[in-house]
Amino acid sequence: MQRVGVFVCWCGSNIAGTVDVQAVSDALKNEPGVVFSTNYQYMCSQAGQDMIKDAVKEHNLTGIVVCSCSPRMHEATFRKTAAAAGLNPYMVEIANIREQCSWVHKDIQTGTEKAIILGKAAVAKVNLNTPLTPGESPVTKRALVIGGGIAGIQTALDIADAGFPVDIVEKKPTIGGKMAQLDKTFPTLDCAACILTPKMVDVAQNENIRIFSYSEVSEIKGFVGNFDVTIKKNARYVKEDICTGCGACVEKCPMKKVPNEFNLGMDNRSAIYIPFAQAVPKVATIDPSACNMLKNGKCGLCSKVCAAGAIDYTQKDEYIQEKYGAIVVATGFNPISMDKFDEFAYNQSKDVITSLEFERLTNAAGPTAGHLERPSDGKSPKTIVFVQCVGSRCDACAEKGKEYCSKICCMYTAKHAMLVRDKYPDTDVYVFYIDVRTPGKNFDEFYRRAVEEYGVKYVKGMVGKVTPEGDKLKVQASDLIENKQLHIDADLVVLAAAIEPDKSARPLATMLTASMDTNDFFTEAHPKLRPVESPTAGVFLSGACQGPKDIPETVSQAGAAASKVIGLLAKDKLTGNPCVAHSNELMCNGCSSCERVCPYGAITYEDKEFRMPDRTTKIRRVAVVNPAVCQGCGACTVACPSGAMDLNGFASNQIMAEVDAICK
Amino acid sequence: MKVSYFPGCTLKNKAKDLDLYAYKSAEALGVTLEEIENWQCCGGVFTTARDEVATKLSSVRALKEAFSKEQPLVTVCSACHNVIKQTNHAVQNDKEFSDKVNRYMGEDGGYFGEAEVYHYLEMLRDLVGFDALKEKVVNPLKGKKIAAYYGCLLLRPGSVMKMDDPENPSIMEDFIKALGAQPVVYAKRNECCGGYVSVESPDLAKKSSNQVVQNAKMQGAEMIITACPLCKYNLLKNGADIPVVYFTELLAEALGVKEDTDEQ
Amino acid sequence: MQINEHKPLIVAFCCNWCSYAGADLAGNNRLNYPADVKIIRVPCSCRVNPMFVLRAFQRGADGVIICGCHPGDCHYTSGNYYTRRRMAALFSMLDFLGIEKERTRVEWVSAAEGAKFAATMNDFVEKVTALGENKRLEDLRCKK
Amino acid sequence: MNNKYLREELIRESGVNPKKCMKCGKCSATCPAYDEMEYHPHQFVSMVESGDIQPLLQSESLYKCLSCFACIERCPRGVEPAKLVEAVRLAAIRKQGENRMTANDVAEFLDEDVPQQLIVSAFRKYSK
């Protein structure tokens, strides 16, 4: 029989407000096995933990029940306390009487009754707990970064700096991501290329970093410290190691009418292309959907002009297998499609553009060489209307748009408006806003400068309709402060489109078994205290894949993710989770049911010698669980027809005991 | 193909053209319009108040009849279409409303939104097919620059009408293309003509109508087509200086059945 | 309305990664649901042995609900698919035995869906309350 | 009728939840009748929410709304202001003797081309 101690936490008034904690500790005193029961204001505090340690010694406790907040919050804390008191840490059970009791019930009587029942269930369970010892597994000292934008680049550089090898997988032909497309960056207005491209070069030159560009992750197996990853390197029809990036092929390619995705389709590129001058790796790529040679075998010009002989029309997709200890997700974001917002006439006029398109229009390396020209006729716009929150902050039930604030639009719109007024002072610039959100260092000052120094007209209100008429865009909008409807004849309308996670994130999350929120942003292990870790061990988050972020935030999160990876890779061995399945070989009949349902291939079979009652021996096939591979889901325990398979920490008799305690 | 047909009050009076050409064209396309027996006026406007039940019963009766004949219910008039589709949606999605409706209907009740409602244009697109329509055209309207005027009733609310993208529709443009003419896309095509206030506030109606016509003309239109008698009335009354005709008239012309209709 | 309204006893099995976290989120957001619901934490919904469900009914539970991650989102890749199949078989058998289908349910609740958790529990408790006490296994009960 | 009761009645009948409004003004930005209205769509939402309903009941704005649903279609929050305008209008004309239009008024605007649709809908909208 266990000697159980019960500790009921008040959590200040969080629990004590709706649960009579004294009544709970009194009621649990009489439960089987309980030899000590008390309550205290903050069990998780040092004093509370000391109280537990003292009680363990004084009453020779063998099991502990803490009635407190969710085990997801403080189970680890109290396990450490138990260990410090000389107990096996797995002799602790938590009754969740805060999140699942005091916070969701208002009435003190029902709250107290339920808390007592939850406490009884925990006592019933702890009575059947057994000491557990975690196993150990080795760590592969190599990290994988998925996505080569500023988030991925920074994470890779920081990990490589600590001396660990890193691979970056980027689906585009070059790293650089969205930041490479930007013109200037807020709030300092330094040029994006000037601060990004040196980092890209650092990546290329760092001997600890390998870049798999034009590649995707196609399969992920394994677990923290031991991931087995398959990378699909798409055929680019150019030998990467030979190509010098001279660009002769690009110049000679006769197929020049392919929409240039780097400039968001605002100009054309050739079928063989290098996305931009500072691309890393600086090698050409053939677009198989546009190349005549690949489509019908007629052309071959690029091969003829390539002095290095790098063109290879027969190249095939290549699959690379690699082992990693940690994986960082840095898949980034995209602006949402404007198709469903045609009240702004995005599909009806070339002069209605998104903010990212505006970045390309003002970028010296963009389609207009940095001159602000209207896409329709090349004239310089005299009146520009910026519309904020297009598709952001929408109703959850609406069929279009996103529920969240996209966070970066207020600042980049202020930047765009300011830059226009700076370069073209005779241009009228309107910004329609619902709220201007500028919580960041020097952010509000920046926005105020746009208004006060640069004379950008900020109007509180929204644009309701844009009507292209002749060569004008008739903008109908509300001015809520002056309580009137405005009609503006604009030359250019710029939409601050909401941002969403890249489409590749969802299938990747499935491969990683990492959780996502309803908007397909990766969820963090804890929104405040573990913001760069996924709940899936060994998977870390960097940049906008976790939520909308600007560059400074992305870079700091990238560094934080890198430090977590370094912390992991620095270990030689990982302590595993002892809550794994195990088979009672005397009961196992080797039927393979468990093996078939195991998602990790953790179960194998061995022939074992058994001594029979008549002193003969018999060889039988029995299941054996590899504790380093088993993740403890318990699928096998239910599949097992003989009841031989059980799960540490969540044993069948423990769960039954909980059911009994609740239903008593 | 046989479909149930709800003409509506205006089509039997001031908008006889809309009705007649709809019949003739359907015939030419191999579609029989079977008029709902004893149909009653839809009321012209869908009252959004959830406690208005009696005013929506005529729509429910029409819907029920179409459903009992296992036919889609086709309408031509934008207003009837809007009222009937919104009523059907309310029966499907608002249980309280649907219960009330069925209690009102008594023995005629037992309708839960099963019927399918098509606008004549949707019928052309989804049941006949614009490609098939194109093949039946005998007088292609080559070179004509025609602006489609949707107005407010045909598309909104988009989540209920589900006819087309409410902000950038293409069904009438595709229709115009199928007839061999050239559609003119202009942004005001889904803005209101001000029809309902032409009694209360004629100036507002005039302003709204003018903006529509002006926008269409500036984008190069030589003619405007509509599915709504009120839109047509309003645009013409407020001085549209390009022809405004019903889409069915244009259809009949392209199908070569307009002349014999005129002779009747 | 009944005068002595029966308070049902509901056992909810919640997977650790999604639904238990969803229940915690319902708590964080103070979304009320009846105290009749008692949650048992399991690593994955596929850990729920049909025996546990039978045991609960035998011991006097009026309803049993199993919550897991959404299909495709299982922390263990495929556990919730097993749950779905196993429980479909079990529930139809229970229905055959006279334990109404409304007393059993499998629901997917993600860690982000605190509101869905509370709404699901409110709805489930309402349905089970409407059915009244679960007398079907009464004579087999070990209950005093 | 007191304002609290009227507010609840309007919300129930229209099915609109004015609390969802984020005060962006897109409804008023897109409203074709804006200039004729004393109170604009966004004000209807805000005034009903705050219970300041009497001025709305007496306002000519009730009869300027085109019921064109542009505000409903374009509201990013799904608030549906036009349904609220209609609910307030019904609250005004459903009072005894408050019909906006009677059969006698029809003769005034009747011309040769007026479609039946206009007469029917004017009755639906302006009298009970």
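Predicted model: local features only at pLDDT ≥ 70, side-chain atom pairs only at ≥ 80, totals over all residues.
Trainee: Where do I start with confidence, and what ipTM and pTM does the predictor give the complex?

Mentor: Start with the whole assembly. The predictor gives the complex an ipTM of 0.81 and a pTM of 0.82. Then go chain by chain. Chain D averages a pLDDT of 91, and 98% of its residues score at least 70.

Trainee: Which element of chain D has the lowest mean pLDDT, and which the highest?

Mentor: Helix 7 (residues 103-109) of chain D is lowest, with a mean of 78. Helix 2 (residues 26-30) of chain D is highest, at 97.

Trainee: Now the interface. How many residues of chain C are in contact with chain A?

Mentor: Count both sides. On chain C there are 41, and they touch 41 residues of chain A. Next, ask which elements contribute. Helix 1 (19-28), strand 2 (37-42), helix 2 (50-58) and helix 3 (79-96) of chain C each give two or more residues to that side. Helix 1 of chain C gives the largest share, six residues. By class, this side of chain C has 23 nonpolar, ten polar and eight charged residues.

Trainee: How do helix 3 and helix 6 of chain D cross?

Mentor: Read distance and angle together. The axes of helix 3 (residues 41-50) and helix 6 (residues 81-93) of chain D come within 9 Å and cross at roughly 65°. Angles of 65 to 115 degrees count as roughly perpendicular, so helix 3 of chain D is roughly perpendicular to helix 6 of chain D. Their crossing is left-handed.

Trainee: Which residues meet there?

Mentor: From helix 3 of chain D come Pro41(D), Phe44(D), Val45(D) and Val48(D). They meet Pro81(D), Leu84(D), Val85(D) and Val88(D) in helix 6 of chain D. By class, this contact has eight nonpolar, no polar and no charged residues.

Definitions and conventions:
Residues numbered from 1 in each chain as written. Chains lettered and ligands numbered in written order. Contact = placed C-beta atoms within 7 Å. Helix = DSSP H or I, 4+ residues; strand = E, 2+ residues; numbered from the N terminus. Nonpolar A, V, L, I, M, F, W, Y, C, P; charged D, E, K, R; others polar. pLDDT = per-residue confidence, 0-100. Axes fitted to C-alpha atoms, helices over the stretch in contact; angles between N-to-C directions. Parallel < 35°, antiparallel > 145°, perpendicular 65-115°, else oblique. Left-handed = near helix turned anticlockwise from the far one by under 90°.
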